[in-house]
Amino acid sequence: MSIRLQVIEGPHKDKFFDFRSHDLFLVGRSTRAHFSLPASDPFISRFHFVLELNDPLCRLVDLDSRNGTFVNGQKIQVADLFHGDEIRIGQTLFRLDTSLKTPASHLQWNQAAQAAQAAMSKSQPDSGALAAHHSASKTGASDAAQPTLPPDPVTLNDSTIETLLQLQSMYWIHDCPLSIERMIDRWPFLATNSEYLVDLMYNEFVQREKRGDSPNAEEYAQRFPQVRTAWMRQIEFHAAFQSTMMGMDTSTIPDHPHKQFPAVPGYRILREEPSANSNVRRYLATNSSNNHPVSILLITPVGKIPRERVVSTLQRIAAYRQIQHPNLLALLGVMQLEQRIALIRETVPNPLSVARLISRDGPLPPSVAVAWTLPILQALSIAHVLDLPHGGITLDQLLFANGDPRNPLLLAEFGLFPILELTHSSGMSTLDGETIHRNLIAPECIHRFTERTPEMDQYAIASCLYEMICGQPVTPRDGPLNAQLLQMIQSDPLPLAQRVSRIPVGLSDSIMRALSRHPEHRYRTIGDFLRALEPFADAVADDSVVPVTTSGRPLGYSSVNPTDPIPPQPTEKPSGNR
């Protein structure tokens with residue numbers, strides 16, 4: 001199966017392009033576009049629009065073009081395309097051929113939910129407003145402005161509830177709390193099903209804990225007395241689970257009071273974690289043989305993916321098991337379960353992400369940010385020697401164990417990108433929560449979307465450093481999607497020295513070099529980038545803190561010396577790799 005884009009009018013009539021895998025396609029007058037149209041057409045911009053294609057889905061984003069992009073005669077900014085849709089820019093008319101015929105009613109609802117998720121990132125109240133909103137949420141009031149919720153779901157079933165839970169999580173993750181009372185006002189059926197209501201209560205309870213709040217179980221019992229008994233059973237399970245994550249015997253954890261989890265041989269699933277994509281389910285589990293907690297991702301490939309592609313992806317993922325580094329949460333296993341793929345990964349108790357830390361406490365001193373990052377750079381340099389780039393690093397993937405920033409910084413979900421390519425969750429224009437943050441994606445991904453290179457990792461980690469130091473992303477997150485993509489293509493980031501007054505010039509220059517829009521202008525290797533940063537690091541280790549991962553592997557700064565030599569770059573790739 002494939003998607004075909006065909007020119008049916010204009011100078012390139014009858015020309016067509018076939019897309020058999022997830023890809024981006026840039027159209028405009030620029031020679032850097034994948035399809036460069038005649039410069040003589042005055043109605044076409046240098047970068048006019050970009051298509052993201054992942055059969056059967058296709059999304060078009062107009063790149064703030066001067067004369068606009070028209071789909072079936074209507075001017076659009078962002079549009080999901082279907083079979084037979086026509087796209088006009090200037091004198092050129094395209095037609096799309098895909099297996100997705102028309103938007104079914106449930107697909108329309110999911111798209112509306114995704115649009116609401118995207119809109120909420122534009123309305124983030126300040127901490128005072130959040131506190132007022134949370135106080136009001138106990139009574140169902142809401143004094144914090146929130147975007148419009150999507151329309152009524154077509155049917156009430158487990159899939160619909162999962163979508164609502166994902167929507168609820170995304171509001172909280174984006175610092176825009178969505179009260180259960182407001183959800184019930186919008187969807188009254190939620191109050192009639194005790195299991196679904198307890199799910200929403202527990203999801204909000206966990207999200208508040210992750211924000212650093214101390215939610216009270218009795219408060220929820222008073223807000224929703226009709227499910228007090230079921231709620232207290234859920235809280236008993238939660239308390240037992242939390243005790244386990246602090247190092248107690250996992251064999252004492254009771255079964256979940258009402259959830260039936262999928263079977264993964266050799267593991268006992270304890271709890272499902274929030275996920276904004278129904279094709280990527282996240283669970284906390286224990287190893288049946290030693291009771292060590294682990295993280296399990298169950299991935300459901302989307303569409304009719306050739307068996308050879310699935311096999312090659314699994315082989316690629318298995319290669320990441322070669323890399324053992326104390327600052328990487330290791331991939332412990334990969335298995336295929338009928339129509340799904342299970343990834344078993346290390347986890348840590350009570351993780352605190354750098355994203356949450358900065359949101360809570362503000363930007364970091366430059367020397368501290370650099371010191372935390374150096375071991376991650378060392379780990380990536382080893383991975384690059386083995387030709388195994390990470391494929392996109394975000395501040396949400398940089399974690400501290402036990403909620404303590406004195407612990408070493410850990411990189412989670414290492415090497416996850418290849419498996420996400422089998423779903424619709426790794427796109428640059430998609431609006432779901434699994435999407436890699438666009439402000440951390442290297443600009444060349446627009447032109448070489450299917451590739452992941454060491455240069456892209458260098459850009460991503462430099463983007464993380466940039467935001468850790470100044471508290472602002474390289475590319476603004478709150479602007480329209482087309483403006484974000486266009487800025488990635490043709491604009492340099494604002495120099496760090498202009499955002500932070502007291503920063504060594506050499507440090508700002510080093511980070512900005514790694515953020516160059518042109519890969520050839522960055523450091524030759526990530527090891528070179530590490531060496532450029534070393535003089536600006538500060539000693540922040542606390543020898544009294546020696547965390548242990550859930551597989552029993554000790555971690556500590558003593559095991560990672562940022563001044564250790566970086567392994568030499570091989571003249572040829574080691575045998576057995578991709």
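Contact here means heavy atoms within 4.5 Å. The model shown in these views is predicted.

**View 1. Leu 533 and the largest nonpolar core.**
Leu 533 is in contact with Val 370, Leu 374, Leu 377, Leu 465, Leu 507, Ser 510 and Ile 511, leaving aside neighbours within four places in sequence. The largest nonpolar core has 79 residues. Leu 533 is among the members that touch the most others, together with Leu 398, Ile 469, Leu 496, Ile 511 and Phe 529. Helix α12, residues 454-470, supplies the largest share of this core, with eleven residues. In soluble globular proteins, nonpolar side chains tend to be buried together.

Helix α5 covers residues 194-210. At 1.5 Å a residue, its 17 residues should span 24 Å. The end C-alpha atoms are 24 Å apart, so expectation and model agree. Of the 17 residues, 13 are buried, so α5 is largely enclosed by the rest of the structure. Asn 193 caps the N-terminal end. Its side-chain oxygen lies 3.1 Å from the backbone nitrogen of Glu 195. After α5 comes Gly 212, with a positive phi near 95°.

**View 2. Gln 168, a buried polar side chain in helix α3.**
Gln 168 lies in α3, residues 158-173. Its relative accessible area is 0%, under the 20% cut-off, so Gln 168 counts as buried.

**View 3. His 390 and Gln 397 in one loop.**
His 390 is found in the loop between α10 (366-385) and β18 (398-400). Gln 397 lies in the loop between α10 and β18 too. Is His 390 buried or exposed? His 390 is buried, with a relative accessible area of 2%. Gln 397 is at 12% relative accessibility and also counts as buried. The two side chains make a polar contact of 2.9 Å. Gln 397 touches His 390, Gly 392, Leu 410, Leu 411, Ala 412 and Glu 413, not counting residues up to four places away in sequence. His 390 and Asp 457 are 67 residues apart in sequence, yet 6.5 Å apart from C-alpha to C-alpha.

**View 4. Asn 327, buried in a loop.**
Asn 327 sits in the loop between α8 (307-319) and β15 (331-337). Its relative accessibility is 3%, so Asn 327 counts as buried. Which backbone atom does the side chain of Asn 327 reach at 2.7 Å? It is the backbone oxygen of Leu 409.

**View 5. The six-stranded open sheet.**
Six strands form this sheet, in the order β2-β1-β11-β10-β7-β8. The pairing is antiparallel. β2 (16-19) and β8 (74-76) stand at the edges. Each has a single partner strand, so one side of each is left without a neighbour in the sheet. The twist averages 30° from one strand to the next.

Strand β1 (residues 3-9) pairs with β11 (residues 92-97) in the antiparallel sense, over five bridges. Gln 6 stands opposite Arg 95. Leu 5 has Leu 96 as its bridge partner. Strand β10 (residues 86-89) also pairs with β11 in the antiparallel sense, over four bridges. Here the bridge partner of Arg 88 is Leu 93. β10 and β11 form a hairpin, with two residues between them. Gly 90 in the turn has a positive phi of about 55°.

How values were computed:
Residues numbered from 1 in each chain as written. Predicted model: local features only at pLDDT ≥ 70, side-chain atom pairs only at ≥ 80, totals over all residues. Heavy atoms only, no water. Buried < 20%, exposed > 50% of the residue type's maximum accessible area, 1.4 Å probe, protein only. Polar contact = N/O pair within 3.5 Å; in protein donor to acceptor, adjacent residues only side chain to side chain. Core = buried A, V, L, I, M, F, W, Y, C linked by side-chain atoms within 4.5 Å. Expected span 1.5 Å × (residues − 1). Pairing = 2+ DSSP bridges. Axes fitted to C-alpha atoms, helices over the stretch in contact; angles between N-to-C directions.
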